[in-house]
Amino acid sequence: MKLMYCLVFSMLVVGCTKKMETPENLFLVKTNVPIDYAKASAKDIEEYAKVTLKNTVKAVEVIKQIDAPTFENVFVAMDDMYNKTSTASNILYMLYWVSPDSLSRINGLAGYQLLDSLTTNIYSDKAIYNKMISFRSSSPYNELKGNRKLMVDDLILQFEQSGVNLTNDKLTIVNSLIKEISQLSSQYSENMNKSAEILTLDEQGAEGLPENFKNTYKTGTSKYEIPIINATRDPVLKNASREETRKAYYIKFNNRAADKNMTILDSLIQKRYELGQTMGSKSYAEYTLKLRMAKNPETVWSFINDLVDRSKEKAKADIELLKAIKQKETASKNLTEIQSWDIPYYNNEILKTKWNVDNELIRNYLPMEQCLKGVFDIYQKLLGLEFRKVENPSVWHKEVSLYEVFEGNKLKGRFYLDLFPRPNKESWFYGVQLSPGKATADGYEVPCSMLLGNFTRPTATLPSLLSHSELRTLFHEFGHIMNAIAYHGEFALQSGAKADFVESMSQIFENWIWDYESLSSFSKNYKTGEVLPKEIFDNMINARNLSSGLGLISSLRSCIYDMEAYDKYDPKSGLNTDELWKKIDTQLGIMPMHVEGTHPQASWIHINTHPVYYYGYLWSKVYAQDMFTEFEKNGLTSTETGIRYRELILANGSQRDIVAGVQEFLGRPSNNEAYIRSLGLK
C-alpha cells in the first residue's frame with residue numbers, strides 16, 4: 001500500500017510538471033492581494049487545481065522525509081499545506097456554484113474533486129501520522145501550551161478519524177467510499193440547481209398574490225409563469241388564496257430533481273453507513289459526531305426528544321388555531337383539515353386578521369439597499385469594525401460586490417456579496433469561507449469570505465424587497481461572514497468552530513431585527529422614505545410566537561429524519577425515504593405533514609452536503625439565545641460587549657474549548673432558559 005501510494009504521488013508530480021512548466025497562475029496571488037476573478041478562464045481554473053495538487057504533493061513528501069519531527073517541521077508545515085489546499089478547494093467549489101460560464105463550473109468541480117481526493121489520502125497517510133505520534137511522544141510536546149498543544153491533539157484525532165489506523169485493505173475501502181460519496185453529493189447538488197420547474201397561472205389562479213410579485217412574473221395578458229425557486233416560495237404559499245394554487249406550487253417545490261436525486265440519496269445513505277461501519281462505528285452518525293460538541297448519537301437523540309416534549313402541546317394548539325381560521329374562511333367543517341401547503345397561508349391570515357401584521361406591506365419598508373446598510377451599520381458599530389467598498393472590483397459576475405474590513409487602519413479581511421438568483425447558480429443561502437486567516441512569513445494573511453444569496457431580484461420598476469424572514473436570513477448569513485473575518489489566530493487549521501456550534505455565531509445576530517431601535521434605523525418605505533411605524537413593529541412582536549410550537553416541531557421533524565437516515569439505517573431492510581417522513585409524522589402525532597407523491601428529500605441540501613447537521617441549528621440556537629442575554633443586559637449597541645463577543649467567541653475557531661469561551665463571555669455556565677423563553681414555551 002505504501003509503495004503504491006508513493007508511486008501514485010510520483011506520477012502526479014511528473015504529470016503536473018510536464019503540463020505546467022511554471023507554477024504561475026492568476027489564482028496564486030501574493031499575500032492579501034485579491035484574485036482577478038474577472039480574467040479567470042476555465043483553463044486558469046483547471047491549471048490552479050493542478051498547480052495546487054503538484055505543490056501539495058511536494059509538501060507532503062518533504063514532511064514524510066523528516067528524520068527528527070518537531071512542531072514546526074510537521075505541524076506548522078501541515079498547517080501551511082492545509083491553508084493553500086483548503087483555500088484552493090474552497091475557491092474551486094465556489095466557482096462551481098456561482099460561475100456564469102459552464103466550462104468554468106465543470107473545471108471548478110473537477111478541480112475540487114481532485115484536491116478532495118488528495119486530501120482524503122493525506123489524512124490517512126500512515127507515514128505522516130507516525131511523524132505526529134513520534135513528536136507527541138517527545139519532551140517538546142509536553143512543553144506545548146494553549147492552542148499549539150490543542151492543534152497537535154486535534155490534528156492527530158482528525159487523522160485517526162480518517163482511518164489512518166485501519167488495515168490497508170480497510171483504508172482502501174474508506175478512501176474509495178469517500179470519493180464515491182463526494183461524486184454523488186456533487187451530482188445531487190447539480191441536479192437540484194439545474195431544476196427549472198415553472199408554475200403557470202391564470203388570473204384566477206394568481207388570486208391573492210401581491211401585485212408587485214405578479215408583475216414580476218407576468219408573461220402575457222392574465223398569465224403568470226412563476227419559477228419554483230426559494231425566492232418565490234413564501235410569496236406564493238403565504239398569499240395565494242386559492243388552495244389549488246398553493247397545493248400545485250407545494251408539490252412542484254417538493255419534487256425538484258426527484259427524478260434523479262432519489263436514487264442518489266439512497267446511495268449516499270448506504271455508502272455513508274458503510275463508511276461508518278468500516279471506521280468501526282455502528283452508524284455514520286456515531287462516526288461523524290465524534291468530532292462535534294455532542295460527541296455521540298445518544299446525546300443528540302436526548303436533545304431532540306426533550307425539545308419534542310417541550311413543544312408538542314403548543315404545536316397541537318397551533319394546529320387547532322389554524323383549523324379554526326380555515327373553517328371560518330371556507331365555511332365548511334368538511335374542509336378544515338390543515339394540509340402542509342396551508343400552514344404558511346393561514347399563519348399569514350392570522351397575522352393579518354388578529355395581529356394586523358401584513359408581511360407584504362412590511363416588504364415595502366425593507367428594500368435590499370437599505371437592509372444592507374442596516375446590516376453594515378449594526379455589525380460595524382457592534383464589532384468595532386469598518387467596511388469599505390472596493391470600487392470596480394474584479395469579480396465573476398457584474399452583480400457581485402467586494403468589501404474590505406478594517407479595524408482602524410488595519411486590514412482584517414475581505415468579503416464578496418453575490419445576492420441574487422441566476423441560472424445554474426447554487427440555489428441556497430450561505431456564508432462561504434474562501435480562505436482562512438493565518439500568520440505567515442510575509443505577514444498576516446487575512447480571511448476572505450462570500451455571502452451567497454438568492455434573494456428576490458430587483459426589476460426595472462421595483463427594487464429587491466425583503467420579507468422580515470428574508471431579512472433574518474441576511475443577518476444570519478452575514479454573521480457567518482463576520483465569524484470568518486473575526487478570526488486572527490496563528491494557524492489556518494484552527495479557524496473553524498465545531499459544526500454544531502458554528503450556527504450560534506450567526507443566529508445571535510438575528511435578534512437585532514426584533515429590536516425597534518435597530519430595525520427602524522434602516523427600515524424605510526422604498527417609495528416615501530417613511531420609517532416602519534412603531535405600531536406595526538409592536539404588532540410583529542406580539543405575534544412573534546405565532547405557531548412557535550409547530551415551527552419547532554417542523555424543525556425537529558427534519559432533525560429526526562436526518563438522524564434516522566444516518567443513525568438508524570439497516571442495510572438488511574434498507575430505507576424507503578418517503579415512508580420515513582410518514583413514520584416520523586405518526587410518531588410525533590401532530591399532523592400528517594408528508595404529502596403523498598412529493599419527495600422533499602430530493603432537494604434538501606442538508607441531507608446531502610451536511611448530513612448529521614440539522615440538529616446543530618437547534619443546538620446552536622440554545623447557545624445563541626443564552627449569549628444574547630449579555631447584550632440585553634449591557635445594551636444592543638454596546639461596542640464593548642460586541643468586541644468581547646468578537647474576541648472570545650467569533651475569533652476563537654478551535655483555539656480553545658468553546659464551552660470555556662462561552663462561560664467566560666457569560667460569566668457563568670450556559671443554559672437553555674433564554675431559548676425556551678424566546679419560543680414562548682415557558
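Tutor: A helix axis here is a line fitted to C-alpha atoms over the stretch in contact, and the angle between two axes runs from 0 to 180 degrees between their N-to-C directions. With that in mind, and noting that this is a predicted model, consider helix α25, which spans residues 615–634, and helix α27, which spans residues 658–666. Their axes lie 9 Å apart and form an angle of about 25°. Angles under 35 degrees count as roughly parallel, and α25 and α27 are therefore roughly parallel to each other. The crossing of α25 and α27 is also left-handed.

The side of the contact that belongs to α25 consists of Y623, D626, M627, T629, E630 and F631. These residues meet V659, V662, F665 and L666 of α27.

Most residues other than glycine have a negative phi. S222, however, has a phi near 55°, a positive value in a residue that is not glycine. S222 belongs to the loop between β2 (218–220) and β3 (223–227), and it counts as partly exposed because its relative accessibility is 33%. A257 is likewise not a glycine, and its phi is positive, at about 60°. A257 is located in the loop between α11 (243–253) and α12 (258–278). With a relative accessibility of 10%, A257 counts as buried, since buried means under 20%.

Note on methods:
Residues numbered from 1 in each chain as written. Predicted model: local features only at pLDDT ≥ 70, side-chain atom pairs only at ≥ 80, totals over all residues. Heavy atoms only, no water. Helix = DSSP H or I, 4+ residues; strand = E, 2+ residues; numbered from the N terminus. Parallel < 35°, antiparallel > 145°, perpendicular 65-115°, else oblique. Left-handed = near helix turned anticlockwise from the far one by under 90°. Contact = heavy atoms within 4.5 Å. Buried < 20%, exposed > 50% of the residue type's maximum accessible area, 1.4 Å probe, protein only.
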